Amino acid sequence: MLILITALLSGLIFGLGLILSGMTDPAKVLAFLDIAGSWDPSLALVMLGAISVGFFAFRAAQQRGHTLLAAPLHLPASRVIDRRLILGSLLFGFGWGLAGLCPGPGLVLAASGHFAGIIFVTAMLLGMAVFDWLEKHHQTDSKLNDRQPENIGRQ
């Protein structure tokens with residue numbers, strides 16, 4: 001129960017930080033991304049602050065191996081930069097530039113009843129469902145391909 005309460009409080013603090021920093025205002029985000037127009041560099045400071053805190057927090061977490069509440073800690077193990085990572089990053093960046101929102105601020109806006117946030121989160125969930133379906137379809141195709149007589153033993 002303590003883990004759930006801590007998660008709730010952490011989420012509320014994170015959401016408050018997003019609101020105070022202006023990250024939930026798509027116009028402010030789009031102004032930050034518009035480096036050729038009237039660029040607003042203020043979100044760069046927000047990002048530098050987040051990266052600074054995150055850098056030290058991840059270093060400390062790697063040494064601990066578990067959370068402060070003794071729950072198992074699952075950090076990414078792979079450091080491979082592959083096609084999927086690059087394409088996913090490009091797609092994320094394109095969506096961020098198009099909507100002026102990313103998942104965290106989108107959830108904050110949706111929870112506060114803003115129509116743009118609700119539309120964003122609905123589209124995000126739909127995209128996640130499509131990805132999940134494609135992944136399952138790809139895995140099924142891979143398994144069928146592995147069973148073909150000419151591919152048996154080539155793994």
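**View 1. Exposed and buried faces of helix 1.** Leu-2, Leu-8, Leu-12, Ile-13 and Leu-20 are exposed on one side of helix 1, while Gly-15, Leu-18 and Ser-21 of this helix are buried. Buried means under 20% relative accessible area, exposed means over 50%, and partly exposed lies in between (1.4 Å probe, protein chains only). Helices are DSSP runs of H or I with at least four residues, numbered from the N terminus. The model is predicted: local features need pLDDT of at least 70, side-chain atom pairs count only at pLDDT 80 or more, and totals for chains, interfaces and linings use all residues. Residues are numbered from 1 along each chain as its sequence is written, and side-chain values use heavy atoms, with hydrogens and water left out.

**View 2. Packing and length of helix 1.** The buried residues of helix 1 pack against helix 2 (26-33), helix 3 (42-64) and helix 5 (103-111); contact means heavy atoms within 4.5 Å. The 20 residues of helix 1 should span 28 Å at 1.5 Å a residue, and this agrees with its end C-alpha atoms, which are 28 Å apart. The expected span is 1.5 Å times one less than the number of residues in the helix. Gly-22 follows helix 1 and has a positive phi, near 90 degrees.

**View 3. A nonpolar surface patch.** Met-1, Leu-4, Ile-5, Leu-8, Leu-9 and Leu-12 make a nonpolar surface patch of about 680 Å². Patches are made of residues with over 30% relative accessible area and no salt bridge, with like charges joined within 9 Å and nonpolar side chains (Val, Leu, Ile, Met, Phe, Trp, Tyr) within 5 Å. Accessible areas come from the Shrake-Rupley method with a 1.4 Å probe, and for residues only the protein chains shown count as cover. Met-1 sits in the segment before helix 1 (2-21) and is exposed, with a relative accessible area of 74%.

**View 4. Lys-28 and Asp-40.** A salt bridge joins the side chains of Lys-28 and Asp-40 (3.2 Å, N to O). Lys-28 lies in helix 2 and Asp-40 in the loop between helix 2 and helix 3, so the pair ties together parts that are 12 residues apart in sequence. A salt bridge is a side-chain nitrogen of Lys or Arg within 4 Å of a carboxyl oxygen of Asp or Glu; by this rule the count comes to 3 salt bridges. Lys-28 is partly exposed at 25% relative accessibility, as is Asp-40 at 22%.

View 5. Glu-135 and Arg-84 meet through their side chains in a salt bridge (3.1 Å, N to O). This pair links distant parts of the chain, with Glu-135 in helix 6 (residues 115-146) and Arg-84 in helix 4, 51 residues apart. Another salt bridge is formed by the side chains of Lys-136 and Asp-132 (3.4 Å, N to O). Lys-136 and Asp-132 are 4 residues apart in helix 6, so about one helical turn separates them.

**View 6. The loop between helix 3 and helix 4.** Ala-70 is located in this loop and has a positive phi of about 70 degrees although it is not a glycine. Most residues other than glycine have a negative phi. Ala-70 is exposed, with a relative accessible area of 59%. Gly-65 lies in the loop between helix 3 and helix 4 (83-99) and is partly exposed at 43% relative accessibility.

Methods: Helices (H or I, at least four residues) and strands (E, at least two) are DSSP runs, numbered from the N terminus.
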